[in-house]
Amino acid sequence: MIIAETPRLRIRHLVADDAHFTCRLLNEPSFIENIADRGVRSAQDAVHYLADGPIKSYRQHGYGLFLVETSADAVALGFCGLLFREHLQETDIGFAFLPEFWGQGFAFEAASAVMHFGYRQLELPRIVGLVSAGNIASIKVLTRLGLQFEKVVALSPSNESVQLYA
């Protein structure tokens, strides 16, 4: 299911056939360093990750992580989506792209379209951005989206603190 399109991008629901790309993205050193190590090491692990994460979230919340691909030739670039953070009772805009696609405006373009979807289609009252203090590139995207630093929060009781932008 396509949730948004821009002149360069198509943003759609993730499906089991996206497992190989998911495995590659989740094992990028930048993903592990800035987001988390999800323990996905094979396509089979990725199928389980997709079923228990994004696909489950679509059913529960009507949104989740989405695949971002080029409009012209469906090349997968990364993920961008909305994540409900139970512990915080907040919806977070999240994004991650393969390094070869950094610096080309894809994160901002996709995040803008996903936020528009969240506010207009889903009628969410608020979307925040959660980011590690050292992730300067993501902080720049969040501020360009119009979000400003609000406070430091713990993602869950046992996790380290992250910055919340709203």
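This is a predicted model: local features need pLDDT of at least 70, side-chain atom pairs count only at pLDDT 80 or more; totals for chains, interfaces and linings use all residues.
Q: Okay. Which residues of helix α4 are buried?
A: Helix α4 covers residues 54-61, and its buried residues are Pro54, Ser57 and Tyr58.

Q: Why are they on the same side of α4?
A: Because they cover an arc of only 105° around the axis.

Q: And which residues are exposed on the other side of α4?
A: Arg59 and Gln60.

Q: What covers the buried residues of α4?
A: The cover includes β2 (9-13), α3 (43-52) and β3.

Q: What happens just after α4?
A: Glycine 62 sits there, with a positive phi of about 85°.

Q: Switching to the sheet. How many strands form it, and in what order?
A: There are 5, in the order β1-β2-β3-β4-β5. The sheet is open, and its pairing is antiparallel.

Q: Which are the edge strands?
A: β1 (2-5) and β5 (90-97). Each of these pairs on one side only.

Q: How are neighbouring strands turned against each other?
A: By 20° on average, with direction ignored.

Q: Back to β3. Over how many bridges does it pair with β4?
A: Over 5 bridges, in the antiparallel sense. Strand β3 spans residues 65-70, and strand β4 spans residues 76-85.

Q: Which residue in β4 is the bridge partner of leucine 65?
A: Glycine 81.

Q: What do strands of a sheet pair through, in general?
A: Backbone hydrogen bonds, in either a parallel or an antiparallel way.

Conventions
Residues are numbered from 1 along each chain as its sequence is written. Side-chain values use heavy atoms; hydrogens and water are left out. Two strands pair if DSSP finds at least two bridges between them. Helices (H or I, at least four residues) and strands (E, at least two) are DSSP runs, numbered from the N terminus. Axes are lines fitted to C-alpha atoms, for helices over the stretch in contact, and angles run from 0 to 180 degrees between N-to-C directions. Buried means under 20% relative accessible area, exposed over 50%, partly exposed in between (1.4 Å probe, protein chains only). The arc is that of the directions from the helix axis to the C-beta atoms. Contact means heavy atoms within 4.5 Å.
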